[in-house]
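Please keep the sequence and the structure in view while reading.

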Amino acid sequence: MVSSLSSARALGAFIPRFSIGFSFQRSKSFALYSTVLISGNLSSSSSYSASSSVQSYERPSFRPARKIWTFSPLSMGRRSCKIAGRKGAQDAKKAKLYAKIGKEVVSAVKKGGPNPVSNTALASVLEKAKELDVPKEIVERNIKRASEKGQEAYIEKFYEAYGFGGVGIIVEVLTDNTNRSVAAIREVVKDCGGKMADRGSIMFKFRRARVVNLKVMDADRDQLLAIALDAGADDVIEPQVYEDDTEEDMSERYYKVVSSAENYGAILSKLHEEGITFEPDNGMELLPISPIEVDDEAVDLNKELMSKLLELDDVDAVYTDQK
């Protein structure tokens, strides 16, 4: 009996000391994700499984009750994973752009030399790099790389495939080894359940255009329409939006400002002037003429297939006629 009382007193003395400076509360903002967020006077927050065993210990005091929550920690919460995933996707997209510009620089130098005054193809690539804010060191590194012994010129290729639900997919490649590129693409398409298509069987469903992409969350629709039309845009394509779209869904929706090559620079300049953020894309895209709608399962399978294709080093872009 004496031993039990001593243990209880020891526990009572330990809990207040441990909890000083920490006030833990359950966050309501993560209820929809079936997680519990434990937050306090800390520099960062962590999320924990709602199924974890949580116990509260309280010690009566004249001061406000102090609490300790015991839990089983996980590595990251769902929200943190989504944010990290979006940032990773943006970084990968930027890396693809830089790699493509670099390959175009190498090809231009191979054809006409490193002087943009006498090499109009190189001058055109350098102008594009400037429009898309490609770092100067990347351009300079690839100009030097083009003169290295054994460096082949890059060739632009388009490969066509069928996805799920009758969706057509076009893979854009800039490569110095076509055999390597087509073998890697075929392997990915086969592993993901798709099928390679004959040349020209899908390409006719697309049109090539200069495009500026802007996140829906970063632009006001009416303001964007006014700016785009005033700067000479041919069209502004609005994304398909659903009633049950979450904030995360909306962050992945884009307006597409379509223009001629002549007006493309003027549109970018106007957007810069107005402080509107746009994506650093390559400026040229294949747009579907008649997008098709498929079920949710096909959407997920096609997304996985296209993601795997974009992971290939030789692949610069992947296009689909899926809505």
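Does Asp296 count as buried or exposed? With a relative accessibility of 64%, Asp296 counts as exposed, where buried means under 20% relative accessible area, exposed over 50%, and partly exposed in between, with a 1.4 Å probe and protein chains only. The model is predicted, so local features need pLDDT of at least 70 and side-chain atom pairs count only at pLDDT 80 or more, whereas totals for chains, interfaces and linings use all residues. Residues are numbered from 1 along each chain as its sequence is written, and side-chain values use heavy atoms, with hydrogens and water left out.

Asp296 is part of helix H9, which covers residues 296-310; helices are DSSP runs (H or I) of at least four residues and strands are runs (E) of at least two, numbered from the N terminus.

**Salt bridges**

Side chains of opposite charge can pair when their charged atoms come close. Across the whole structure, a search finds 10 salt bridges, each being a side-chain nitrogen of Lys or Arg within 4 Å of a carboxyl oxygen of Asp or Glu. The table gives some of them.

| Salt bridge | N to O distance |
|---|---|
| Lys100 and Glu172 | 2.4 Å |
| Arg180 and Asp176 | 2.8 Å |
| Asp314 and Arg180 | 2.9 Å |

The side chains of Lys100 and Glu172 meet in a salt bridge, and this pair links distant parts of the chain, since Lys100 belongs to helix H2 (residues 78-112) and Glu172 to strand S7 (residues 168-175), 72 residues apart. Lys100 counts as buried because its relative accessibility is 6%, and Glu172 counts as buried at 3%.

Arg180 takes part in a network of salt bridges that links it with Asp176 and Asp314. Arg180 counts as partly exposed at 39% relative accessibility, and Asp176 counts as partly exposed at 29%, whereas Asp314, at 14%, counts as buried.
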